[in-house]
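Have a look at the sequence and the model before reading on.

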Amino acid sequence: GIAAQGVGMATAAFEEAKIFASTRIQFGKPIEEIPAIKKMLRRMEREIMAMRCLTLEGGRTVDMYYWKMEHLREAGSNEKEISNNEEVRHWMKLADLLTPISKYYCSEMCNRIAYDALQIHGGSGFTEDYDIARIYRDARITSIYDGTTQIQVMAAIGGIVSGMSSTGHFRKYLLNEISKFSASPKILTLFELLEEAVVAYKEIKSTEVRDSFSVELVEVATRVLAGIQLEKTSSMLAGEEKGNRAKHADEFNIDSKSIALANISKMKEFANVDKL
C-alpha cells in the first residue's frame, strides 16, 4: 500500500514539475528546454515507470500466494498441506521479498522525485503557492511509516542472498521473467552484476561491516528486477508507446549498471575490514 502511495505522490510531483517547466520562461524559452532540466524530467519519468512495475509485480506475487492458498482450502486441504505445498511456498517466498523491495524503493524514490520536482520549481515551489510544497512535505512519511527503509532492507536482504544461490527462488524467478521476452544485452549484464554483487557481499568477513552494506546489495537487486520488468512491459506495446518505453528502459538500465558497479566496488574495498 505504501509503495502504491509512493507511486501516486511521485506521479503528482512529476506532473506538477512538467507543467511548471513548460510554462516558466527563462532566457527566452521554457525551462523544460534547458538540458539539465530536461535530463531531470526524463529520469523522473523512467523512475516512476520502474516504481509502478515494482508495485504491480509485488502485488502479483501476493495475489498468486493467496490465490493458491484459498483454492487449496476450497479443495479441502488442511493448513499443514497448504503450508507444505510447493507452489504456495514459491509464491510466499517471492511475496515476502518483493513486498519490502517495492516499499523500500518506491518510498525512497518518491522522496527523490518530490525533491527534484521542488528543485525545478525553484524558490516558488518552496512557498505554499504551488502544490509541490505539500507533495514534498507529504512524501517524507512514505519512507518512515509501515517500516522505515532500513527495516525494509533488513527484511529483503536474506531473501536476496539465499534466493540468488544456484537453486534459489529469486534466481529462478528472475531467469523465468527474462525468458518471457527478448532481453537486451544490458539486462543480461545486470543479472551477472547482481551475481557478482552477492558474491562481494558474502565475502565481507566482518558481520557488522557486511550488514552495513545490505542496502547496496538490495539496491542492485531491486534495479535489476525493475529493469527486467521495464523491458518486459515495453515488449508488450507497439508503435510510439513501445519506442518511448524501450528508450526509458534502456536509460534506466544504464543508470543501474553504473550503480551496480559502484556498489560492488565499495563492497570489495571493505572485504577485509574488521569494523566500521
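1. A definition to begin with: two rings of Phe, Tyr or Trp (its six-membered ring) count as a pair if their centres lie within 6.5 Å, and planes over 60 degrees apart make the pair edge-to-face. Keep in mind that this is a predicted model. It holds 5 aromatic pairs.

2. One of them joins Phe20 and Tyr130, with 5.4 Å from centre to centre and 85° between the planes, which is edge-to-face. Phe20 sits in helix α1 (residues 2–23) and Tyr130 in the loop between α5 (123–126) and α6 (132–139), so the pair links parts of the chain 110 residues apart.

3. For a charge over a ring, go to Phe252: Arg223 lies over its face, 4.1 Å from the ring centre.

4. Now the inside. The largest nonpolar core has 82 residues, and the ones with the most contacts within it are Met51, Ile120, Phe170, Leu174, Leu194 and Leu217. Helix α4 (residues 86–121) gives the largest share of this core, 17 residues. In soluble globular proteins, nonpolar side chains tend to be buried together.

5. Which residues does Leu194 touch, leaving aside neighbours within four places in sequence? Its contacts are Met164, Phe170, Leu174, Leu217, Val220, Ala221 and Val224.

Definitions and conventions
Residues are numbered from 1 along each chain as its sequence is written. This is a predicted model: local features need pLDDT of at least 70, side-chain atom pairs count only at pLDDT 80 or more; totals for chains, interfaces and linings use all residues. Side-chain values use heavy atoms; hydrogens and water are left out. Rings of Phe, Tyr and Trp (its six-membered ring) pair if their centres lie within 6.5 Å; planes under 30 degrees apart count as stacked, over 60 as edge-to-face and the rest as tilted. Helices (H or I, at least four residues) and strands (E, at least two) are DSSP runs, numbered from the N terminus. A charge sits over a ring if NZ of Lys or CZ of Arg is within 6 Å of the ring centre and within 35 degrees of the ring normal. A nonpolar core is a set of buried Ala, Val, Leu, Ile, Met, Phe, Trp, Tyr and Cys residues joined through side-chain atoms within 4.5 Å. Buried means under 20% relative accessible area, exposed over 50%, partly exposed in between (1.4 Å probe, protein chains only). Contact means heavy atoms within 4.5 Å.
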